[in-house]
Amino acid sequence: MNNTAVLMLSWRKNPAQRPEGSMKRLALAFQAGMRIFFIGMMIGAPETSGGWQPALAQDQPTERPEARFEAALLVEKLGAEEFSERERATTLLIEMGLGAKLAVEAGRTHPDREIRYRCERIAQMVGEMDFQRRLTAFASGRSEGADLPAWRRFRDLYGDDGETRGLFVEMQQAESELLQAVENGPQGVARVAEARTTQLQHLQRRAGEATSLGSVAALLFAAVGDEVNLGLQPSFALVNLCGQPSFIQGMSDPAKNKVLRKMLSRWITRSEGAVAQQSMFLAMRHDMKEGLIPATRVLQNPGEQPFVRQTALMTVAKLGDASHVNLLESALEDTRRISSHRIDNVQYETQLRDVALAALLFLKKQDPKKFGFERIQFNESNVFNYGTVGFENEDKRKQAFDKYQEFKAKENDPR
């Protein structure tokens with residue numbers, strides 16, 4: 001029998017020895033202690049067939065018996081009449097941290113609404129403090145925190161060193177719910193990611209709030225999981241988030257660049273259709289040859305949308321080599337119109353084959369202006385501006401194509 005129970009029985013036999021109010025407080029503490037005792041029995045009991053064992057059983061704190069009853073008494077004081085007493089009990093329980101976990105957990109089902117409310121708050125605060133402590137230990141390379149949600153998968157994909165751990169800590173701080181969804185399996189990842197991208201876009205538009213690197217990295221990591229298929233809008237939103245200053249700076253940071261490029265490359269190589277177009281822009285921006293993978297898929301599909309094919313042509317022009325010449329030449333017969341505009345009363349039209357020819361010349365390190373592309377304007381990101389590639393009539397277009405055939409003939413027979 002514990003000391004509290006012995007003292008209560010002694011006072012029942014000798015009421016004169018009982019201090020005023022002590023019996024009531026100890027009774028409350030004893031009742032709370034019994035609740036904690038039964039919870040502890042359930043937590044510490046070995047797993048049996050058909051039995052119940054909490055998933056976090058191994059994380060339960062080791063507590064001294066007297067500390068348990070001290071915590072139980074403090075939980076009861078959370079419902080005291082005096083506000084100052086309730087506040088003091090709250091502060092002491094928070095200071096006890098995980099040592100008061102069992103008592104606080106029991107208090108979350110207490111009949112007193114005030115006690116339930118305060119125990120919920122205390123549990124959240126202590127949990128967050130412990131989470132931050134584990135993150136700090138994890139970032140320093142210690143094994144503590146190695147069970148953080150989704151870490152094992154992240155480690156298997158991107159390694160385990162100071163850089164990967166540092167980035168993973170940022171991801172946990174920004175998107176712990178999303179990483180928990182990754183840990184739980186692919187079924188709920190798309191739903192959480194979609195809700196989060198919508199929220200981040202709202203914060204950008206309405207509050208002008210920049211998105212952190214941790215959020216972008218966590219979304220990229222989650223989106224490329226096996227059997228995870230984001231919808232079209234969340235995918236577009238994710239690509240746009242990769243244009244955030246935090247991500248651009250991260251890609252330029254030697255301590256983070258390696259991991260971020262690996263993460264982005266997985267996204268780029270998996271993307272298709274209209275999303276692939278946006279991903280190819282990212283590949284060109286960051287000079288990532290992984291962009292050739294979706295570009296090749298697009299160009300091998302003649303039925304793909306013209307605006308997607310033109311981006312694929314530019315991607316190959318910027319990131320490809322001589323082995324991709326045939327891929328570009330396969331688009332020289334595609335007469336679909338991309339754009340039409342008037343300049344100084346002259347109507348210009350750009351067809352997909354015009355872009356293919358300009359891309360070929362760029363890849364072969366030839367000056368397109370010498371082949372009839374008089375108005376072409378180059379840029380660092382997309383090689384050249386599409387609207388400056390077209391011709392004012394078919395005669396000018398034919399001259400350009402004929403000149404390329406002459407160049408090609410000389411190239412093949414240099415005598």
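Reply: Let's begin with one term: accessible area comes from the Shrake-Rupley method with a 1.4 Å probe. This is a predicted model, and its protein chain exposes about 22300 Å². Carbon and sulfur atoms supply 49% of that area.

Me: How much of the protein chain is buried?
Reply: Buried residues make up 44% of the 415 residues.

Me: And how many helices and strands are there?
Reply: The chain has 19 helices and four strands.

Me: Which residues have the most contacts inside the largest nonpolar core?
Reply: Those are Phe154, Met263, Trp267 and Leu313, in a core of 87 residues. Apart from that one lies another core, of 14 residues, with Leu93, Ala100, Ile115 and Val126 among them.

Me: OK, back to Phe154. What is Phe154 in contact with?
Reply: Skipping its neighbours within four places in sequence, Phe154 is in contact with several residues, including Phe168, Phe221, Val259 and Met263.

Me: New topic: helix α6. How far apart are its end C-alpha atoms?
Reply: They are 39 Å apart. Helix α6 covers residues 113-139, and at 1.5 Å a residue its 27 residues should span 39 Å, so the two values agree.

Me: What caps the N-terminal end of α6?
Reply: Asp112 does, with a side-chain oxygen 2.8 Å from the backbone nitrogen of Glu114. Just after α6, Gly141 takes a positive phi of about 100 degrees.

Me: Which residues of α6 are buried?
Reply: Among them are Ile115, Ile122, Val126 and Phe138, and also Arg118 and Asp130.

Me: Now the rings. How many aromatic pairs are there?
Reply: The count comes to 13. Take Phe138 and Trp151: their ring centres are 4.8 Å apart and their planes sit at 85 degrees, so the pair is edge-to-face. Phe138 is in helix α6 and Trp151 in helix α7, 13 residues apart.

Me: Are those two buried or exposed?
Reply: Both Phe138 and Trp151 are buried. Tyr158 and Phe221 form another edge-to-face pair, 6.5 Å centre to centre with 65 degrees between the planes.

Me: Why does the Tyr158 and Phe221 pair tie together separate parts of the sequence?
Reply: Because Tyr158 lies in helix α7 and Phe221 in helix α10, the pair ties together parts 63 residues apart in sequence. Both Tyr158 and Phe221 are buried.

Me: Which residues do ring pairs link into a cluster?
Reply: Phe138, Trp151, Phe154, Tyr158, Phe168 and Phe221.

Note on methods
Residues are numbered from 1 along each chain as its sequence is written. This is a predicted model: local features need pLDDT of at least 70, side-chain atom pairs count only at pLDDT 80 or more; totals for chains, interfaces and linings use all residues. Side-chain values use heavy atoms; hydrogens and water are left out. A nonpolar core is a set of buried Ala, Val, Leu, Ile, Met, Phe, Trp, Tyr and Cys residues joined through side-chain atoms within 4.5 Å. Buried means under 20% relative accessible area, exposed over 50%, partly exposed in between (1.4 Å probe, protein chains only). Contact means heavy atoms within 4.5 Å. Helices (H or I, at least four residues) and strands (E, at least two) are DSSP runs, numbered from the N terminus. The expected span of a helix is 1.5 Å times one less than its number of residues. A polar contact is a pair of N or O atoms within 3.5 Å; within protein, one must be able to donate a hydrogen and the other to accept it, and residues adjacent in sequence count only if both atoms are side-chain atoms. Rings of Phe, Tyr and Trp (its six-membered ring) pair if their centres lie within 6.5 Å; planes under 30 degrees apart count as stacked, over 60 as edge-to-face and the rest as tilted.
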